[in-house]
Amino acid sequence: MLHMTSRIGRMLHDDHLATLRALEDLDALLERQGDTPPDLTAGPARDALAAMTGIVRDEVGRHFGFEEEHLFPALRAAGQAGMTQLLISEHRAILPAAEAAGALAAQALAAGAFDPTAWQAFAEHAREFVEREMFHIQKEEMGLLAAIAALIGPDDDARLAETFKALT
Amino acid sequence: MFSPDAAFGSRDRLLPAGVPFGFFAAALAFHAAGWLLLLLGGEALLGFRGGPGTVLAALHLFTLGVLATTAMGASYQLLPMATVRPVGSARWAWASFALAVPGIALFAAGLALWQDVPAALGGLLAAAGLAVFAALMAVNLCPGGVAAPEMRVVRHYAWGALASLAAAAGLGVALLCDLRLGFLPDHASLAGVHLGLALFGFMGMLAAGFSTILVPMLALGPAPSVRLGHASAAAAEVGLAVLVAGAFLPGPWPTVAAVLCGLAAVALHLTAMRAVLKARMRKRLGTAFLLIRVAWAVLPVALALALLPALGIDAFNMPTVFVVLAVFGWLLTFLFGVLQRIAPFLASVHATVPGGRPPLVSKLTPERPLKVHAALHLAAVALLVAGNLFNVEALARLGALSGAGGAVALLIFAFAVRRRTLAAWRTALSNTRSKPGDLACST
């Protein structure tokens, strides 16, 4: 992951790392379980789902909202309208899958188990969330952070970093 | 042709989809043609030592046709994303395609049939296409874009690659003329320098430079060490300079020194890549990284084998084994590993329309042809090496057959990606047209 010369770039990168850790655990759980609902009374399955619901609740919406409301306008002004529109399209596709998976996981965590039908529905949304979000992070790590490093000046960098910090 | 430029009404950093995918399509066609020429060409596949004919033509289909055209398509798309500077002109990018692709086809046909006029004309057209590509990349690499330390490493490698390309192309034209006019003092020695510059200079340095961007991106790993990157690029540049000087000096020691510098460069590069993969966030990397890892394992072996002919050890068809390992075992294996990841990635980007859901990459990527290709390609390399080592023509021919099968599997993969991408794009377009309110998806 490149272009760590700006403060806001480093903060977004750290957010990506936290999200990726949760996604990797979720991906491993989906791969391990297949069609069989996991045991949610304890252990790695419960931890993975709890981490995923936390990411969906606290991180994804905040991260996307910051980018769309504060960062992308600055990049659009610097001539990067196509890239920001593409990333916004991806946000619009990621959020429904993330929220559906998060809601089903939260219900199962509260109930202590998935029934087979709910697990199937969860797995479908979760797989889509994992793939879309990983693809999106790959793109942001290569393209967005490069654009920030090249196009966001020191004053805007400091302002954006403070705004993002205030949202945390 | 669909593209985010058209779809989003913006000139950002992506070229129209036809530019990179045109080069990739040409590469896949040349790949299949190369294997078929080896299989059906009628010349022995053992102990090849150069000279016009079907084997030399096939070798240039793989190097110029597959490696160089893929490098051009990928560079036009990826370098501007990393430098945050658009390619100067899509028209010039198309011009490089229009010159290089027919030129390579004509050049290979001329070599295969040893018709020197088509070979010379094709070679000049291909060289002109590569010159346009080199000029566009040189402008894109000029200082003024991103100044991040990692990008300086990419630039370092890319400048080395472009210098090697200029030298290899110039030498290639001279070698071609020499086949008719016979003016060069030592054709075989200069052919070796041409091969070294093309494989390890142009393609090798480009592959190493892009690896510093692509491997962290695809594996979601940390940036590779900047210090190791500069040291590796510098060692490679010294090695290539010594290789060129060695053509004009007596004795094997300049070539030995060049190979040792190359091995040092490889060790530094692979150390950096190993650290990236060790700290990666993406654990499951799939068939693509199996190929990439095999390519990395083959690279130092291929380079070390270059020492043997230089030291006068000529048993077991070693010069041919060296070429097989360098071209098929290392470069093509690496290239197809990367290409099977970035082609669906780029297809998904290009198929996204404003307000529409981007297609899932997994839905665009048929996995089975990729697995079939990987198995057949690796079998082809093993059979070509074994055939040459044990001097069994039938084994080498079986390798060519396996390679041709792998080429067909890749074509099936490419057609499936194209069909699925166009279907996804049309669906997204019709969905957004039926929901015009969604088009206002901006902040």
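This report describes the folds of chains A and B and selected local features of the predicted model.

## Basis of the description

The model is predicted: local features need pLDDT of at least 70 and side-chain atom pairs count only at pLDDT 80 or more, while totals for chains, interfaces and linings use all residues. Residues are numbered from 1 along each chain as its sequence is written, and chains are lettered from A and ligands numbered from 1 in the order in which they are written.

## Chain A as a whole

Chain A contains five helices and zero strands; helices (H or I, at least four residues) and strands (E, at least two) are DSSP runs, numbered from the N terminus. Along the sequence, the pattern of chain A reads α-α-α-α-α. With a radius of gyration of 17 Å, close to the 15 Å that the globule rule gives for 168 residues, chain A is as compact as a globular protein of that length. The radius is taken over C-alpha atoms, and the rule is 2.2 Å times the number of residues to the power 0.38.

The C-alpha trace of chain A spans about 50 × 25 × 25 Å along its principal axes. Of the 168 residues in chain A, 48% are buried. A residue is buried if 20 or more other C-beta atoms lie within 10 Å of its own, exposed if 12 or fewer, and partly exposed in between, with C-beta atoms placed from the backbone. Among contacts in chain A with a separation of 6 or more, 80% involve residues 24 or more positions apart; a contact requires C-beta atoms, placed from the backbone, within 7 Å.

## Helix α1 of chain A

The 27 residues of α1(A) should span 39 Å at 1.5 Å a residue, and the end C-alpha atoms are 39 Å apart, which agrees. The expected span is 1.5 Å times one less than the number of residues. Just after α1(A), G34(A) has a positive phi of about 60°.

Helix α1 of chain A covers residues 7-33 and includes H13(A). H13(A) is buried, because 21 other C-beta atoms lie within 10 Å. The C-alpha atoms of H13(A) and L145(A) are 8.2 Å apart, although 132 residues separate the two along the chain.

## Chain B as a whole

Chain B has 15 helices and zero strands. Its radius of gyration is 22 Å, close to the 22 Å from the globule rule for 443 residues, so chain B is as compact as a globular protein of that length.

Buried residues account for 57% of the 443 residues in chain B. Of the contacts in chain B between residues at least 6 apart in sequence, 77% join residues at least 24 apart.

## Packing of α7 and α9 in chain B

Helix α7 (residues 187-219) and helix α9 (residues 253-278) of chain B pack at an angle of about 10°, with axes 10 Å apart. That angle makes α7(B) roughly parallel to α9(B), a term for angles under 35 degrees. Axes are lines fitted to C-alpha atoms, for helices over the stretch in contact, and angles run from 0 to 180 degrees between N-to-C directions.

Residues of α7(B) in the contact include F200(B), A208(B) and V215(B), and those of α9(B) include G262(B), H269(B) and M273(B). The contact has eight nonpolar, three polar and no charged residues. Ala, Val, Leu, Ile, Met, Phe, Trp, Tyr, Cys and Pro count as nonpolar, Asp, Glu, Lys and Arg as charged, and the others, Gly among them, as polar.

## Positive phi in two loops of chain B

W114(B), in the loop between α4 (90-113) and α5 (116-141) of chain B, has a positive phi near 45° and is not a glycine. W114(B) counts as partly exposed, with 15 C-beta neighbours inside 10 Å.

N391(B), in the loop between α14 (367-389) and α15 (393-434) of chain B, has a positive phi of about 55° although it is not a glycine. N391(B) is exposed, with 12 other C-beta atoms within 10 Å.

How values were computed. Angles under 35 degrees count as roughly parallel, over 145 as roughly antiparallel, 65 to 115 as roughly perpendicular and the rest as oblique. Two residues are in contact if their C-beta atoms, placed from the backbone, lie within 7 Å.
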